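Here are my notes for you on this structure, as numbered points. Please keep the sequence and the 3D view open while you read.

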Number of protein chains: 2
Amino acid sequence: MSALPGTRGRLGRVTEVFIAGVGMTRFGRRPEPLADLVLEAAERAIADSGIEEFDAVFVGAMAPETFLDVSNMASVVVDHLGLVPAPAVRVETASSTGAALFDAAYYAVASGKVERALLVAGEVMTRVSTRRATTLMTGVIDGDERAHGATMPALAGLSARRYMHEYGLTPEEMALVAVKNHRNGVANPHAQIRKEITVEEAIASKIVSDPLRLYDCAPISDGAAAVVLVGGARRGAVRVAGLGHATDRLAVEMRDSLTTFASTRLSAAQAYRRAGIGPSDIGVAEVHDAFTIFEIIGTEDLGFFAPGEGRRAVVEGATGPEGRIPVNLSGGLKARGHPVGASGLAQIVELTWQLRGEAAYPSRPARWGLAQSIGGLATNNLVTILEAPR
Amino acid sequence: MSALPGTRGRLGRVTEVFIAGVGMTRFGRRPEPLADLVLEAAERAIADSGIEEFDAVFVGAMAPETFLDVSNMASVVVDHLGLVPAPAVRVETASSTGAALFDAAYYAVASGKVERALLVAGEVMTRVSTRRATTLMTGVIDGDERAHGATMPALAGLSARRYMHEYGLTPEEMALVAVKNHRNGVANPHAQIRKEITVEEAIASKIVSDPLRLYDCAPISDGAAAVVLVGGARRGAVRVAGLGHATDRLAVEMRDSLTTFASTRLSAAQAYRRAGIGPSDIGVAEVHDAFTIFEIIGTEDLGFFAPGEGRRAVVEGATGPEGRIPVNLSGGLKARGHPVGASGLAQIVELTWQLRGEAAYPSRPARWGLAQSIGGLATNNLVTILEAPR
């Protein structure tokens with residue numbers, strides 16, 4: 001029995017939580033309604049788990065109200081899944097929604113009050129124009145900064161420019177993140193973009209927000225992911241080993257630094273502590289690369305590399321498939337796609353496949369996998385650590 | 001140690017959960033931004049609890065994206081509360097959001113992984129026109145039924161008409177619910193409407209959707225409520241004794257009946273089982289009366305009265321302040337107001353005051369209190385049972 005903080009309830013040991021099944025749709029431009037995509041992902045996770053009845057359903061979507069004019073999502077989804085009268089709740093934390101959903105469902109199962117939980121997260125973003133989708137995403141930013149013209153790519157661009165200034169990162173080096181993730185995504189049947197790109201193509205693509213170019217940004221996507229969580233060990237099931245979650249000031253002007261995100265560092269520390277391991281134990285990771293610079297910063301904030309060393313890690317291939325810590329073997333948000341409410345859960349689906357040895361582009365056999373998800377401009381970040389079946 | 005289902009984890013007893021503090025704003029037409037209302041409620045709950053640091057923040061709001069064009073609510077709120085870097089998550093289940101939020105936070109504390117949770121729920125609805133607010137609320141209804149003109153008052157009107165047909169309820173008798181709740185609300189300093197009304201005034205008010213008139217409907221409101229939950233007993237703290245949560249088909253045409261809601265019956269059965277008590281043990285209740293007919297149906301679905309007897313209960317005063325089971329001593333949604341995302345949590349705040357003997361309009365001393373919240377047209381309902389300090 002572990003004496004680590006967070007592994008015991010006040011009155012006794014709490015239930016251990018395992019992933020009994022996972023599934024996801026292909027990401028991309030999808031013609032189906034959101035509820036159909038969610039159903040497709042859920043059916044795959046249900047089939048994978050062999051479980052057909054659920055004590056609770058957790059639904060993640062960032063903004064169906066504005067992307068689709070759909071509300072009451074929890075009820076829409078549980079009805080469409082044919083799971084009425086199971087309790088259903090919707091969880092949202094902007095672009096980290098899928099990870100926050102996992103957190104909320106984890107607590108329910110860990111409490112012992114829910115034995116079998118179905119988690120589904122999805123987003124349909126392509127019904128509106130790219131311009132409109134970008135405007136809607138801008139809503140996550142501090143109101144004053146938004147009023148002065150801040151957009152997500154603009155703020156990420158500030159971050160990239162500052163990182164370049166502090167550590168000498170070049171646009172060509174930053175583009176290596178996109179080149180790697182595009183190459184990884186070729187093997188992934190669920191990926192939106194399965195096309196290799198070169199550094200030359202990346203740095204010739206159009207400017208989105210200087211110094212970020214088109215290939216530095218994840219696409220706008222539709223898609224859904226699903227997970228079945230259960231209380232108590234099951235043969236062959238991946239264990240939820242540690243979760244971390246932290247917030248940061250909404251206004252970027254209130255931050256001490258643009259080249260490191262406190263919300264990642266704090267959530268990583270919490271997740272490592274709960275799992276009883278450290279960064280060097282992680283064998284495979286999914287890191288939120290909505291912008292290439294975020295992956296570089298993320299690998300530092302997660303403790304894989306020292307501050308400023310994330311640059312060299314990319315150049316030397318340390319985050320590549322054969323590197324010390326393979327990052328985004330799925331293609332990441334960059335190539336798999338980024339349906340905002342689903343991405344955090346899709347990372348966990350991918351890690352589950354990795355830890356079960358079933359991934360499309362497998363890592364070396366790994367005991368520990370880590371997913372990191374960013375909400376807004378790192379205002380609401382989560383880290384999830386999973387352990388391979390033993 | 002109890003052997004009831006839901007009271008034990010697989011590997012041991014889980015943490016008991018207590019309400020350490022509560023607070024709310026006055027409901028009504030409020031000029032402040034939503035974040036300010038939430039802060040006001042939170043500051044009161046924090047002062048009431050004597051706790052100043054929180055392991056997690058749970059944020060409830062139904063539709064700030066459409067009522068206010070605000071997104072990333074969890075981050076907006078935790079930042080405005082000055083509680084960064086505490087983890088923050090937003091929960092939503094339409095008009096039962098506040099109750100679902102309580103559920104999610106309860107699980108986190110019961111798991112033993114969160115010791116001190118701050119729960120805040122708020123909504124600002126009056127920035128848009130009443131017509132626009134009503135249209136936005138229509139979004140919770142099944143798409144096909146909405147396309148045929150269904151609105152929330154229209155569907156509640158169908159329910160009232162059917163109840164009248166089956167059980168002989170008259171408009172004058174239905175109006176007694178509004179008369180009672182308005183009279184109760186006069187004492188409540190947080191209530192939006194503190195004005196007694198007569199049956200004559202009620203049945204002379206304008207038709208909203210036949211047979212529902214203006215005084216059969218809760219108002220459109222702004223407001224916020226807050227609760228501090230802790231793991232483990234505290235002196236003078238109300239205990240969370242039982243929760244229930246269930247869904248129903250979205251489309252009303254798929255229901256067997258319009259005069260009873262399966263989602264309430266199932267969630268009540270679950271909450272009673274977990275608390276180890278029955279309907280006759282409840283000493284005070286808050287029942288979701290967005291429409292007067294909902295309170296009548298609710299008191300039957302909760303087991304306080306047999307089907308069809310809710311009518312007589314109103315006529316005979318069984319749900320009045322001196323009756324067998326006082327319902328909505330706060331004034332209910334009808335007079336306290338109904339800021340949709342906050343109402344479910346406001347009910348719990350009121351019950352806490354009742355069970356601590358601090359309510360503006362107190363019941364006879366009660367050991368058990370019950371709150372029932374309706375999401376959409378009873379698509380996502382919750383029941384919460386609380387136990388007085390011992």
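1. Start with Glu358(A) and Arg356(A), whose side chains meet in a salt bridge at 2.9 Å, N to O. The term stands for a side-chain nitrogen of Lys or Arg within 4 Å of a carboxyl oxygen of Asp or Glu. Glu358(A) has 45% relative accessibility, so it counts as partly exposed. For that scale, buried means under 20% relative accessible area, exposed means over 50%, and partly exposed is in between (1.4 Å probe, protein chains only).

2. A word on what you're looking at. This is a predicted model, where local features need pLDDT of at least 70 and side-chain atom pairs count only at pLDDT 80 or more, while totals for chains, interfaces and linings use all residues. Residues are numbered from 1 along each chain as its sequence is written, chains are lettered from A and ligands numbered from 1 in the order in which they are written, and side-chain values use heavy atoms, with hydrogens and water left out.

3. Back in chain A, salt bridges with shared partners link Glu16(A), Arg239(A), Arg367(A), Glu387(A) and Arg390(A) into one network.

4. How many salt bridges are there over all chains? A search of the whole structure gives 44. One of them joins the side chains of Arg127(A) and Asp222(A), at 3.8 Å from N to O. Arg127(A) sits in the loop between β6 (116-124) and α5 (130-138) of chain A, and Asp222(A) in strand β9 (222-231) of chain A, so this pair ties together parts that are 95 residues apart in sequence. Helices (H or I, at least four residues) and strands (E, at least two) are DSSP runs, numbered from the N terminus. Arg127(A) is partly exposed at 40% relative accessibility, whereas Asp222(A) is buried at 0%.

5. Now the interface. The contact (heavy atoms within 4.5 Å) takes 61 residues from chain A and 61 residues from chain B. About 4,800 Å² is buried between chain A and chain B, and carbon and sulfur atoms give 52% of that. Buried area here is the accessible area (1.4 Å probe) that two parts lose on being put together, summed over both.

6. Which charged pairs cross over? The rule finds four salt bridges across the interface of chain A and chain B. One of the pairs is Glu92(A) with Arg90(B), where the closest N and O atoms are 2.9 Å apart. On the side of chain A that touches chain B, α3(A) gives the largest share, six residues. By class, that side of chain A has 26 nonpolar, 20 polar and 15 charged residues. Ala, Val, Leu, Ile, Met, Phe, Trp, Tyr, Cys and Pro count as nonpolar, Asp, Glu, Lys and Arg as charged, and the others, Gly among them, as polar.

7. Arg90(A) has Glu92(B) as its bridge partner in β5(B).

8. Finally, β3 (residues 17-24) of chain B is mostly covered, with eight of its eight residues buried. β3(B) pairs antiparallel with β9 (residues 222-231) of chain B over seven bridges, and Ile19(B) has Leu229(B) as its bridge partner in β9(B).

Definitions and conventions. Pairing = 2+ DSSP bridges.
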